[in-house]
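Subject: Handover of the structure and notes on it

Dear colleague,

I am passing the structure on to you with this message, and my notes on it follow directly below. Please read them alongside the sequence and the 3D view.

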Amino acid sequence: MGRKAQEVTHFAKQVMDECVRLQKKSGMTIKEFAKACGFGEVYWYTRANYSLPLNLSDLERISEVTGVSIGDIVMDSKRHAVEAAERKAQAGGYGLAAYNADGKQEAINGEAGPDYDEPA
């Protein structure tokens, strides 16, 4: 099964979140930032609310405006997503999000996994 070209993946959301963080850090309003990047406001909002993903040209423009390399935008997006997940886990007293996913706890408890005969 292939993914749809315009699907907003988890990774695409992380990168968009990082770009929003960079926009806020820039001190520019959304309108000013979008204009500086050559985007219309609707274009920016459509991506900020995860209706469509950013493309590489968009990242290039954001990189030029913010002075942050595309590589750093991508790496920082992953780092900030991990930090946010850890903060959420600590604040809520939940376990790590990965362990709360369906099927993960059973695997950890040894209730799921390969079928084999227990030694007698």
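Helices here are DSSP runs of H or I with at least four residues, strands are DSSP runs of E with at least two, and both are numbered from the N terminus. This is a predicted model, in which local features need pLDDT of at least 70 and side-chain atom pairs count only at pLDDT 80 or more, while totals for chains, interfaces and linings use all residues. Residues are numbered from 1 along each chain as its sequence is written, and side-chain values use heavy atoms, with hydrogens and water left out.

I begin with the loop between α3 (41–48) and α4 (56–66), where Tyr-50 is found and where Leu-54 also has its place. Tyr-50 has a phi near 65°, which is a positive value in a residue other than glycine; most residues other than glycine have a negative phi. Tyr-50 is partly exposed, at a relative accessible area of 30%, whereas Leu-54 is buried at 17% (buried means under 20% relative accessible area, exposed over 50%, and partly exposed in between, with a 1.4 Å probe and protein chains only).

Leaving aside neighbours within four places in sequence, Leu-54 is in contact (heavy atoms within 4.5 Å) with Val-15, Met-16, Cys-19, Arg-47, Leu-59 and Ile-62. The C-alpha atoms of Leu-54 and Val-8 are 8.7 Å apart, although 46 residues separate the two in sequence.

Leu-54 also belongs to the largest nonpolar core, which has 15 residues and in which Cys-19, Trp-44, Leu-54, Ile-62 and Ile-73 have the most contacts; such a core is a set of buried Ala, Val, Leu, Ile, Met, Phe, Trp, Tyr and Cys residues joined through side-chain atoms within 4.5 Å. Two or more residues of this core come from each of α1 (10–26), α2 (30–37) and α4, and α1 gives the largest share, 5 residues.

As for the cysteines, a search of the whole structure finds 0 disulfides, a disulfide being a pair of cysteine sulfur atoms within 2.5 Å. Cys-37 cannot be counted in one because its sulfur is 8.3 Å from the closest cysteine sulfur, in Cys-19, which is too far for a bond. Both cysteines are buried, Cys-19 at 0% relative accessibility and Cys-37 at a relative accessible area of 3%.

With best regards
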